[in-house]
Amino acid sequence: MSKEKHTDNMLEKINTDFAEMRKALESNTFSEKALSNLEQTAEIVELQAYKTKFTLKLRALAQESPQLSSKSVLDQMFALLPQDISPSFLPVLAAHVVERWEGLTKKGLAA
């Protein structure tokens with residue numbers, strides 16, 4: 001299976017899973033433990049979504065402006081975040097951006 005097809009399948013599964021979660025939430029049939037688990041899962045998914053968004057943006061930015069400093073790139077990526085983002089996501093996202101940026105720009109220099 002191609003990488004693109006795999007990604008499409010994964011995104012479709014996420015859409016289906018979220019549709020099922022919304023349906024269950026609307027029916028109000030969750031226990032407190034189930035709601036807590038759902039909240040934790042939603043946080044994990046949200047963080048992964050930001051990481052994916054940043055990775056895609058970083059790839060494009062590395063093609064356009066590979067000379068940018070990690071600080072400058074970090075500032076650009078964080079400007080894309082909503083103001084109500086969980087503060088606990090910030091250090092994780094900062095590390096992700098810097099690590100990915102350094103990896104992308106080193107690859108570009110080696111090519």
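Residues are classed by relative accessible area: buried means under 20%, exposed over 50% and partly exposed in between (1.4 Å probe, protein chains only). The structure is a predicted model, in which local features need pLDDT of at least 70 and side-chain atom pairs count only at pLDDT 80 or more, whereas totals for chains, interfaces and linings use all residues. Residues are numbered from 1 along each chain as its sequence is written, and side-chain values use heavy atoms, with hydrogens and water left out.

The protein has four helices and zero strands. Helices (H or I, at least four residues) and strands (E, at least two) are DSSP runs, numbered from the N terminus. The order of elements from the N terminus is α-α-α-α. Of the 111 residues, 21% count as buried. The accessible surface comes to about 8200 Å² (Shrake-Rupley method, 1.4 Å probe; for residues, only the protein chains shown count as cover). Carbon and sulfur atoms hold 56% of that surface. Contact means heavy atoms within 4.5 Å. Among contacts with a separation of 6 or more, 62% join residues 24 or more positions apart.

Helix α2 has 33 residues. Its span from first C-alpha to last is 48 Å, close to the 48 Å expected at 1.5 Å a residue; the expected span is 1.5 Å times one less than the number of residues. The buried residues of α2 are Leu38, Leu47, Tyr50, Phe54, Thr55, Leu58, Leu61 and Ala62. In α3, the buried residues are Val73, Leu74 and Met77. Seen down the axis of α3, these fall within an arc of 100 degrees, so they line one face of the helix. The arc is that of the directions from the helix axis to the C-beta atoms.

The largest nonpolar core has 17 residues. Such a core is a set of buried Ala, Val, Leu, Ile, Met, Phe, Trp, Tyr and Cys residues joined through side-chain atoms within 4.5 Å. Leu58, Val73, Met77, Leu93 and Val97 have the most contacts inside it. The elements that give two or more residues to this core are α2 (32–64), α3 (70–78) and α4 (89–110). Neighbours within four places in sequence aside, Val97 is in contact with Phe54, Leu58, Val73, Leu74 and Met77.

Rings of Phe, Tyr and Trp (its six-membered ring) pair if their centres lie within 6.5 Å; planes under 30 degrees apart count as stacked, over 60 as edge-to-face and the rest as tilted. The count comes to one aromatic pair. The rings of Tyr50 and Phe89 have centres 6.3 Å apart and planes at 65 degrees, so the pair is edge-to-face. Tyr50 lies in helix α2 and Phe89 in helix α4, so the pair ties together parts that are 39 residues apart in sequence. Both residues, Tyr50 and Phe89, are buried.

Val98 lies in helix α4. With a relative accessible area of 25%, Val98 is partly exposed. Val98 and Leu58 are 40 residues apart in sequence, yet 9.9 Å apart in space, C-alpha to C-alpha. Lys71 lies in helix α3. At 57% relative accessibility, Lys71 counts as exposed. Lys71 and Val98 are 27 residues apart in sequence and 8.1 Å apart in space, C-alpha to C-alpha.
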